[in-house]
Amino acid sequence: VEPDARLLCVSEDGGSWYRYTGFAVKTVWHCDTLSGFTCAPDTSSAFYAGLTDELRQEIATRTTCCLSSLGMVVGQCIASFSPNGLATPYDCCGGSNITTAVAQCCKSTSELSAYITDACSCSSANATCESGEDCCLSTDGSTGQCYDNASYSCCETGVRYQMGVEQCCGTNGVVAVTETCSCTSDSECPTDQDCCSDCNTTTGGLNCTGECVDSAWQVCCSGVACAKAFQSCCGGTCCNDYSSACETGRASQVMWPTGQLAAFERAVCTDVDGANPMVLLWAYVYPSLFLLVTLVVTVLAMVFANKATHRSFSFVEVGVMVFAVLAILLSLPFYFSPAFKYSLVVAVAQLITIFSAAARIKRLNVCALALNSLLLFYVVDPFTGNAWFTLASGRLIVGAPDPETSGLLMVLHKMYYEPDFCSQWYLGYFVLDSALLDYDTVDNPMVTRFGFCNAGYVAFLLVFAVLLMAVVMLQWLSVLMILLLRFARPTIELELRQQSEDEVDDEVYSEPDEIMAGSHLDH
């Protein structure tokens, strides 16, 4: 009596290697109702005197007789309970036994069993499932599987599938819901899906295989399913709406038989010059807010200068205010570039200069002169290359001052000769995608940037930079002139004293005496 079967193998070359025959052999305790052999006999009799205690215990557990319905009257005794009484390890499937933990009996009449994770087979000839399940037949009725309609559904191919985990495809059968069904027409797709294919009409519809898509959340794009929530169809590819953009690109191809190149346009999904919300904020929204705030504060400063005093301004004071407004206006374009810091410094320095010209306070004038001196050094930066006195607006990776950002002109110089410096500032934006360009017939291979990183825009900023530097120099001289003329000239102080009525009367009565005394002297 053995608890498990032994696999039957055979050797074809005398024992050097073996292969499994597909059969198993096991010694069992037989049962026969005709001859009186029953399961779990009394092993205390003398007939069983030679058995060990372990074998006696094994026989005692075999209380169930499995009889075959194939015409045999001899069956086998199986253990209907474990020696410790905790589980039922075996069950009958006709005359054979199955392990209830891993197997199930499909047909006891033919002694067919299957793993509990697999489905029992059925057909149109025998569509009854012993487990009480329904039979899922194929369209021709030749094959099928038993299934529980509470957890599974029937596919027309005769295979059950788990709802919510798998889906039935008319062409490639049951697949996971994460996979797509292949199709050639809508009839081969599930009821809530359509066939998405890109048929080549020149082949007469041959090899026109696509995939099924759910129009509720997918978009068909030339045979490819795109996610409607964040993708759009662009030239036969799914283009991510957040990180990419669908642009019209140019390409060229050889026209036979002339051999000439002909340009044509095509839709291309590019993630190089595609703008996302962060890029739009960084490149357009934030600079626009800085520009708007600068203009509003400048207007308020001019209104304050006009209302601060009723006196008229001198020629130099008017010149200081004009230079201040002009410097602010010339610095506004630099908000839309990596040199935006210069615009902020110019705005702060010139606003304080306007206040000092209107208020005529000595300390405020001294502060305005100091700020304009700092602004002049910051824009020009004569200490380029000096680690202690440099006013470089940028830093290298190691943290040291970047000598190529020492002064406004140096920053613009770096923007022109190092396009990556500008595009990296704008999070990789303003870069032309080579896939959109046709360098053979139309586009210039030297032009690799656009927008705020284009060479033409850098030249535009260069003109404003030169004018701004000239105005800053003139402003510094004007503020210095106001400080010298207003506070270095000598002042005359007048002392006013109020006289009493007695003092006034004494002066009036003393005048005749002085006159009379003068008349006597004349005689």
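How do the residues lining the largest pocket divide into nonpolar, polar and charged? Figure 1 takes up this question after a note on the model.

This is a predicted model, in which local features need pLDDT of at least 70, side-chain atom pairs count only at pLDDT 80 or more, and totals for chains, interfaces and linings use all residues. Residues are numbered from 1 along each chain as its sequence is written, and side-chain values use heavy atoms, with hydrogens and water left out.

**Figure 1. Lining of the largest pocket.** The lining comprises 14 nonpolar, six polar and three charged residues. (Ala, Val, Leu, Ile, Met, Phe, Trp, Tyr, Cys and Pro count as nonpolar; Asp, Glu, Lys and Arg as charged; the others, Gly among them, as polar.) Of the 23 lining residues, Ala 5, Ala 24, Lys 26, Ser 96 and Asn 97 lie nearest the pocket centre. Strands β2 (19-25), β6 (90-93), β7 (96-99) and β9 (112-115) each give two or more residues to this lining. The volume is about 590 Å³, taken as the space filled by probe spheres set on grid points joined across faces, edges and corners. A pocket here is an open set of points on a 1 Å grid over the protein atoms alone, where a 1.4 Å probe fits, with protein on both sides within 12 Å along at least five of seven lines; lining residues have an atom within 4 Å of a point.

**Figure 2. Buried face of helix α6.** In α6 (residues 408-417), Leu 408, Val 411, Leu 412, Lys 414 and Met 415 are buried. Seen down the helix axis, these residues fall within an arc of 155°, so they line one face of α6. The arc is that of the directions from the helix axis to the C-beta atoms. Buried means under 20% relative accessible area, exposed over 50%, and partly exposed in between (1.4 Å probe, protein chains only). Helices (H or I, at least four residues) and strands (E, at least two) are DSSP runs, numbered from the N terminus.

Figure 3. β20 and β21 run antiparallel and are joined by four bridges. Strands pair if DSSP finds at least two bridges between them. Gln 218 has Ala 227 in β21 as its bridge partner. Two residues separate the strands of the hairpin. Ser 222, in the turn, has a positive phi of about 55°. Ser 222 is partly exposed, at 39% relative accessible area.

**Figure 4. Leu 427 in its loop.** Leu 427 lies between α7 (419-425) and α8 (455-487). Its phi is positive, near 60°. Leu 427 is partly exposed, at 46% relative accessibility.
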